[in-house]
Amino acid sequence: MTDTRGQQPPYETFGGEQPAPQQAGQPYHPPQAYPSPQGGGGTQGGQQSTGQQAQQEGAAVRRPRTGARTTPRTRKARLRVAKADPWSVMKVSFLLSIALGICTVIAASVLWMVMDAMGVFSTVGGTISEATGSNESNGFDLQSFLSLPRVLVFTSVIAVIDVVLATALATLGAFIYNLSAGFVGGVELTLAEDE
């Protein structure tokens, strides 16, 4: 096919720069509208090899626009608790109620020792024995009634009852939650990612 258009006038490039004449035996490189970030200077005759162009394109760093927000956005996810496994709820509530029972026994023993060191039992016990005493008897002895072993046994019984009741109520609560979640869809939670 032959070109019938004849000789065409030279075209103008951006900024009035004329394209470099193409040398024979080298691939064609189109003119660049913007200079490269490393000064825009090329190699011999304005021609650059493909490897150098790739390095310059990789070295070019895109800067954010003026006034653009550079802090990352916090991602949020909205989830729904559709079902609570009663077996896992029972295990967790059992362990937590045992820990609460042990804390109750320790707190009761520490409180008894502090009150005994302050003389509360002797003072209150003397007042009660005077108020309830008569000529034949000395009255009610508070110190023997509220001895440390008796207080610890009473607290331990309360802690065991607490363990049984808390475990049963938590398991029953899991069943009730599953029934209500079937009707209304469950509790919705919004989780956010840490920055």
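Two residues are in contact when heavy atoms of the two lie within 4.5 Å. The structure described here is a predicted model, and contacts in this sense are used throughout to describe how its parts meet.

The protein has five helices and two strands. Read from the N terminus, these elements follow the order α-β-α-α-α-α-β. Of its 195 residues, 14% count as buried. The accessible surface amounts to about 16,200 Å², and carbon and sulfur atoms account for 62% of that area. Among contacts between residues at least 6 apart in sequence, 64% join residues at least 24 apart.

Helix α2 covers residues 86-118. The end C-alpha atoms of α2 are 47 Å apart, which agrees with the 48 Å that its 33 residues should span at 1.5 Å a residue. The residues of α2 that are buried are P86, S93, S97, G101, A108, S109 and W112. The cover over these buried residues includes α3 (120-132) and α5. After α2 comes G119, with a positive phi near 80°.

Leaving aside residues up to four places away in sequence, S93 touches A166, T167 and A170. The side chain of S93 also reaches the backbone oxygen of M90, at 3.0 Å.

I106 is located in helix α2 and, with a relative accessibility of 48%, counts as partly exposed. Between the C-alpha atoms of I106 and S156 the separation is 9.9 Å, although the two residues are 50 apart along the chain. M118 also belongs to helix α2; its relative accessible area is 63%, so M118 is exposed. Both I106 and M118 belong to a nonpolar surface patch, together with F94, L95, I98, I102, V110, M113 and V114. The accessible area of this patch is about 850 Å² in total.

Helix α5 (residues 148-184) contains 37 residues. From first to last C-alpha, α5 reaches 51 Å, close to the 54 Å expected at 1.5 Å a residue. Buried residues of α5 are V151, T155, A159, V163, T167, T171, A174, Y177, N178 and A181. One of these, T167, is among the residues that S93 touches. The buried residues of α5 are covered by elements including β1 (76-81), α2 and β2 (187-192). G185 follows α5, and its phi is positive, near 100°.

Side chains of opposite charge can pair when their charged atoms come close. The structure holds two salt bridges. In one, E193 pairs with R75, and the closest N and O atoms are 3.0 Å apart. E193 lies in the segment after β2 and R75 in the loop between α1 (50-59) and β1, so this pair ties together parts that are 118 residues apart in sequence. E193 is partly exposed, at 41% relative accessibility, and R75 is exposed, at 59%.

The side chains of R78 and E188 also meet in a salt bridge, with an N to O distance of 2.7 Å. R78 is part of strand β1 and E188 of strand β2, so the pair ties together parts that are 110 residues apart in sequence. R78 is exposed, with a relative accessible area of 64%, while E188 counts as partly exposed at 46%.

Notes:
Residues numbered from 1 in each chain as written. Predicted model: local features only at pLDDT ≥ 70, side-chain atom pairs only at ≥ 80, totals over all residues. Heavy atoms only, no water. Helix = DSSP H or I, 4+ residues; strand = E, 2+ residues; numbered from the N terminus. Polar contact = N/O pair within 3.5 Å; in protein donor to acceptor, adjacent residues only side chain to side chain. Buried < 20%, exposed > 50% of the residue type's maximum accessible area, 1.4 Å probe, protein only. Expected span 1.5 Å × (residues − 1). Patch = residues over 30% accessible without salt bridge, like charges linked within 9 Å, V, L, I, M, F, W, Y side chains within 5 Å. Areas by Shrake-Rupley, 256 points an atom, 1.4 Å probe, with all protein chains shown as cover. Salt bridge = Lys/Arg side-chain N within 4 Å of Asp/Glu carboxyl O.
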